[in-house]
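Please look at the chain as a whole before you turn to its details, and then follow the paragraphs below with the model in view.

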Amino acid sequence: MSKQPRNTKQRDRDRATIRKTGAACHICGQAIDYSLPHTDPKSFVVDHVVPLARGGADILANKKAAHRDCNSTKRARLVAPIVRRSGSLHR
């Protein structure tokens with residue numbers, strides 16, 4: 001199966017849409033400081049809830065706000081190896 005190129009214009013639109021919500025990190029539940037530089041571990045990134053490597057779609061409905069370090073820890077897993085305050089994610 002060949003990998004299709006990602007649409008960077010759509011990626012940027014989705015990122016802007018998610019940024020406007022001011023949502024907390026969907027992985028750890030903590031607030032995101034959207035003004036941090038992109039290299040900061042707590043900066044805003046978009047996470048694919050169902051990773052592309054696991055067959056997830058590159059659509060807005062499959063994307064949520066996350067901290068850079070939380071997303072990095074999650075990698076291509078369906079859940080992160082951390083416990084969210086709500087208890088909805090488990091090791």
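What volume does the second largest pocket have? The second largest pocket has a volume of about 220 Å³, where a pocket is an open set of points on a 1 Å grid over the protein atoms alone, at which a 1.4 Å probe fits, with protein on both sides within 12 Å along at least five of seven lines, and lining residues have an atom within 4 Å of a point. The volume is the space filled by probe spheres set on the points, which are joined across faces, edges and corners. Among its 14 lining residues, R6, V46, D47, H48 and D58 are the closest to the centre.

This is a predicted model, in which local features need pLDDT of at least 70 and side-chain atom pairs count only at pLDDT 80 or more, while totals for chains, interfaces and linings use all residues. Residues are numbered from 1 along each chain as its sequence is written, and side-chain values use heavy atoms, with hydrogens and water left out.

A search of the whole structure finds one aromatic pair (ring centres of Phe, Tyr or Trp, the latter by its six-membered ring, within 6.5 Å; stacked under 30 degrees between planes, edge-to-face over 60, tilted for the rest). The pair is formed by Y34 and F44, and it is tilted, with 4.9 Å centre to centre and 45° between the planes. Because Y34 lies in the loop between α1 and β1 and F44 in strand β1, the pair ties together parts that are ten residues apart in sequence. Y34 is buried at a relative accessible area of 18%, and F44 is buried at 3% (buried means under 20%, exposed over 50%, partly exposed in between, with a 1.4 Å probe and protein chains only).

Notes
Helices (H or I, at least four residues) and strands (E, at least two) are DSSP runs, numbered from the N terminus.
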